[in-house]
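This report looks at one protein model, starting with its open space and then turning to its packing. Please keep the sequence and the structure in view while reading.

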Amino acid sequence: MVQIRVQAERFDPGEEVNTFSASLDGAGAMVSFTGIVRNRPDGALEAMEIEHYPGMTEAALEQIASEAMERWVLSDALVVHRFGVLKVGEPIMMVATAARHRADAFASAEFLMDYLKSRAPFWKKEYVATGEAWVEARAEDEAALDRWQNE
């Protein structure tokens with residue numbers, strides 16, 4: 001089973017892990033990762049706005065989560081991603097995967113995180129005192145995603 005949520009509301013990562021793990025049957029490992037809005041190196045980030053196209057976003061996330069379920073032997077997967085205006089330190093996204101063995105849980109979670117960073121249909125804009133700017137793709141994020149193409 002795959003659980004996908006795209007929401008404006010803040011979520012509690014600990015509560016998400018507890019709820020996710022309570023429904024697992026036969027899993028011997030669970031891995032979770034929570035992404036947090038981080039400040040820029042210059043400390044100037046006031047907020048980040050995340051936009052998405054409802055319907056298209058959920059379908060894309062369901063497709064990649066289903067691919068993870070097929071590539072690895074998973075009991076379940078969870079993807080939560082926020083949109084709207086977020087402040088530094090707020091949770092922005094979370095993935096959790098469960099499998100009989102830890103290798104599948106770790107690899108699938110990393111695969112989902114790499115996809116969310118590079119290919120998920122979200123657009124991010126940073127707000128600083130001097131203005132605003134769209135966040136562009138980074139070469140290292142693309143390289144992280146490329147490694148899954150060879151497996």
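A pocket is an open set of grid points with protein on both sides within 12 Å along at least five of seven lines, and its lining residues have an atom within 4 Å of a point. The model described here is predicted.

**The largest pocket**

The largest pocket holds about 830 Å³ of space. Its lining is made up of 29 residues, and R38, K117, K124, V135 and D141 are the ones that lie nearest its centre. Two or more lining residues come from each of these elements: strand 2 (29–36), strand 6 (91–99), helix 3 (102–118), strand 7 (122–128) and helix 4 (139–146). Sorted by class, the lining has 15 nonpolar, 10 charged and 4 polar residues.

**Helix 3**

Helix 3 is one of the elements that line the pocket. This helix has 17 residues and spans 24 Å from its first C-alpha to its last, close to the 24 Å expected at 1.5 Å a residue. Which residues of helix 3 are buried? They are D104, A105, A107, S108, A109, F111, L112, D114, Y115, L116 and S118. The cover over these buried residues includes strand 2, helix 2 (56–71), strand 4 (74–82), strand 6 and helix 4.

**The aromatic pair**

The whole structure contains 1 aromatic pair. The pair is formed by W72 and F111, and it is tilted, with 5.3 Å centre to centre and 55° between the planes. W72 lies in the loop between helix 2 and strand 4, while F111 is in helix 3, so the pair ties together parts that are 39 residues apart in sequence.

**A residue of strand 6**

A96 is in strand 6. Leaving aside residues up to four places away in sequence, A96 touches F20, V31, S32, D76, A77 and L78. Y53 is 43 residues from A96 in sequence, and the two are 23 Å apart in space, C-alpha to C-alpha.

Residues count as buried when their relative accessible area is under 20%. The table gives the values for W72, F111 and A96.

| Residue | Relative accessible area | Class |
|---|---|---|
| W72 | 10% | buried |
| F111 | 3% | buried |
| A96 | 0% | buried |

With a value of 10%, W72 falls under the 20% cut-off and therefore counts as buried. The same cut-off places F111, at 3%, among the buried residues. A96, at 0%, is buried too.

Conventions
Residues numbered from 1 in each chain as written. Predicted model: local features only at pLDDT ≥ 70, side-chain atom pairs only at ≥ 80, totals over all residues. Heavy atoms only, no water. 1 Å grid on protein atoms, 1.4 Å probe; cavity = no way out; pocket = protein on both sides within 12 Å on 5 of 7 lines; lining within 4 Å. Points joined across faces, edges and corners; volume = space filled by probe spheres on them. Helix = DSSP H or I, 4+ residues; strand = E, 2+ residues; numbered from the N terminus. Nonpolar A, V, L, I, M, F, W, Y, C, P; charged D, E, K, R; others polar. Expected span 1.5 Å × (residues − 1). Buried < 20%, exposed > 50% of the residue type's maximum accessible area, 1.4 Å probe, protein only. Contact = heavy atoms within 4.5 Å. Phe/Tyr/Trp six-rings, centres within 6.5 Å; stacked < 30°, edge-to-face > 60°.
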